[in-house]
Amino acid sequence: MLDEARYFKGMQQVKMLLDEMALLKMNVFHWHLTDDQGWRIEIRKYPRLTEVGSKRAATPYPARRDQSDGVPFGGYYTRAQIQSIVEYAASRHVTILPEIEMPGHALAALASFPELGCSGGPYQVAKSWGIFEDVYCAGNQAVYRFLEDVLSEVIELFPSEYIHIGGDECPKERWNACPKCRAMIREQGLKDADELQSYFIKRIASFLAGNDRRLVGWDETLEGGLAPDATVMVWRDPVHAHIPAKQGHDVVMCPTAHCYFDYYQSLDQEHEPRAIGGYLPLEQVYAFEPIPEGLDEESSTHILGGQGNVWTEYIQNAAQVEYMAYPRATALAEVLWSPLEGKDYQDFIDRLPFFLRQLDELGVSYRSL
């Protein structure tokens with residue numbers, strides 16, 4: 001997964017990443033295209049999403065989250081560029097999974113269309129990292145029409161069976177205070193704001209199903225009840241996989257403990273590029289087991305695989321993406337393509353230099369062993 005909402009990278013970097021994925025037989029590219037800090041996909045019906053939402057006035061300094069650099073930042077992909085990237089990926093047997101965040105992480109969209117928030121704004125594209133209280137108003141029918149319009153254009157561009165809608169880190173303070181949201185809770189016979197989020201997700205899932213697509217969401221979509229046929233992407237504790245898998249829902253595993261490639265690669269942080277935190281060495285990635293401990297054999301068939309996440313709050317350019325992803329992505333690929341009994345970390349390390357020579361030929365800026 002590549003997050004481009006925080007830092008836009010451009011066609012050349014994405015196509016290079018697809019080349020690298022093909023070398024490892026990684027077959028799904030999860031493309032995080034919208035968030036509080038930027039909207040990166042052209043939507044014909046709503047040009048303000050890129051006219052306004054693709055630009056922020058400033059970005060936090062890497063070493064000082066509470067201070068911004070004062071430098072405007074922006075960028076987005078046109079429909080033609082996306083079509084080119086989708087075709088390029090397909091030629092390398094990679095499917096692109098697009099992500100359009102909702103109901104939280106929506107400030108870039110709300111800055112473009114303030115009427116879609118509970119308070120009506122004013123809003124601005126986020127200039128800092130974190131979780132923000134302002135989210136889509138779940139009691140406003142115009143929000144659902146807007147998102148269905150957006151997703152209709154996403155479906156036109158991406159042939160993927162799956163569409164990722166986020167669903168993570170959605171604060172409920174605005175909903176609890178919003179007359180429209182409270183009215184929706186009463187009208188739908190819901191218990192609370194958690195069930196309102198479930199209603200929101202299920203409604204979007206129904207729209208996607210009507211267009212022959214399946215919804216994927218982060219594991220917070222479990223809150224208030226899952227949408228029928230939804231796929232859950234588990235990023236927190238692997239235990240979150242048990243409930244959906246036992247209920248017959250498909251699951252993709254990407255827990256922070258093994259799959260967050262924006263974490264530091266060494267405890268000697270002074271000699272590493274600035275990262276969001278955490279510590280994820282190569283050996284720990286290799287130790288990843290996508291089937292969660294304690295999950296029964298039948299439920300385990302719903303674990304589709306795993307994913308490495310490159311969130312980019314502290315990853316500004318292509319060279320930094322490569323440094324953080326490799327060689328950790330190499331370990332992840334071997335884990336996911338290998339039976340548990342076939343894993344041998346020392347053997348992997350002995351073979352790894354051969355693959356790194358291939359990365360050298362491609363000019364990839366990986367972290368040396």
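# Close-up views of a predicted chain

**View 1. The whole chain.** Of the contacts (heavy atoms within 4.5 Å) between residues at least 6 apart in sequence, 70% join residues at least 24 apart. This is a predicted model: local features need pLDDT of at least 70, side-chain atom pairs count only at pLDDT 80 or more, and totals for chains, interfaces and linings use all residues. Residues are numbered from 1 along each chain as its sequence is written, and side-chain values use heavy atoms, with hydrogens and water left out. The chain holds 15 helices and 14 strands. Helices (H or I, at least four residues) and strands (E, at least two) are DSSP runs, numbered from the N terminus. The radius of gyration is 20 Å, close to the 21 Å from the globule rule for 369 residues, so the chain is as compact as a globular protein of that length. That radius is taken over C-alpha atoms, and the rule is 2.2 Å times the number of residues to the power 0.38. The C-alpha trace spans about 60 × 50 × 40 Å along its principal axes. Buried residues make up 56% of the 369. Buried means under 20% relative accessible area, exposed over 50%, and partly exposed in between (1.4 Å probe, protein chains only).

**View 2. The open sheet.** Eight strands run in the order β1-β2-β9-β10-β11-β12-β13-β14, with parallel pairing. Two strands pair if DSSP finds at least two bridges between them. The edges are β1 (2–3) and β14 (303–306), each pairing on one side only. Helix α1 (residues 11–23) packs on the sheet and touches β1 and β2. The direction of α1 makes about 150° with that of β2. Axes are lines fitted to C-alpha atoms, for helices over the stretch in contact; angles run from 0 to 180 degrees between N-to-C directions. Strands β2 (residues 28–32) and β9 (residues 95–102) run parallel and are joined by five bridges. His-30 has Leu-97 as its bridge partner in β9.

**View 3. His-164 in the sheet.** His-164 is found in strand β10. His-164 is buried, at 0% relative accessible area. Leaving aside residues up to four places away in sequence, His-164 touches His-30, Leu-97, Pro-98, Glu-99, Ile-100, Val-216, Gly-217, Trp-218 and Met-233.

**View 4. His-93 and its loop.** His-93 sits in the loop between α3 (79–91) and β9. His-93 is exposed, with a relative accessible area of 67%. Its phi is positive, about 60°, although His-93 is not a glycine. The C-alpha atoms of His-93 and His-164 are separated by 19 Å, and the two residues are 71 apart along the chain.

**View 5. Salt bridges across the chain.** The whole structure has 20 salt bridges. Each is a side-chain nitrogen of Lys or Arg within 4 Å of a carboxyl oxygen of Asp or Glu. Arg-44 and Glu-156 meet in one of them (2.9 Å, N to O). Arg-44 lies in the loop between β4 (38–39) and α2 (48–51) and Glu-156 in helix α5 (residues 141–157), so the pair ties together parts 112 residues apart in sequence. Arg-44 is partly exposed at 49% relative accessibility.

Arg-174 bridges to Glu-133, with the closest N and O atoms 3.3 Å apart. Arg-174 is partly exposed at 30%, and so is Glu-133 at 37%.

View 6. The side chains of Arg-214 and Glu-161 form a salt bridge (3.5 Å, N to O). Arg-214 is in strand β11 (residues 214–218) and Glu-161 in the loop between α5 and β10 (162–166), so the pair ties together parts 53 residues apart in sequence. Arg-214 is buried at 17% relative accessible area, whereas Glu-161 is partly exposed at 42%. Elsewhere, salt bridges with shared partners join Asp-3, Arg-6, Asp-35 and Glu-313 into one network.

**View 7. Backbone details in loops.** Most residues other than glycine have a negative phi, and most peptide bonds are trans. The Gly-121 to Pro-122 bond is cis, with omega near 5°. Pro-122 is found in the loop between α4 and α5. Tyr-326 and Pro-327 are also joined by a cis peptide bond, with omega about 15°. Pro-327 lies in the loop between α13 (318–325) and α14 (328–337). Asp-229 has a positive phi, near 65°. Asp-229 sits in the loop between β11 and β12 (231–234) and is partly exposed at 48%.
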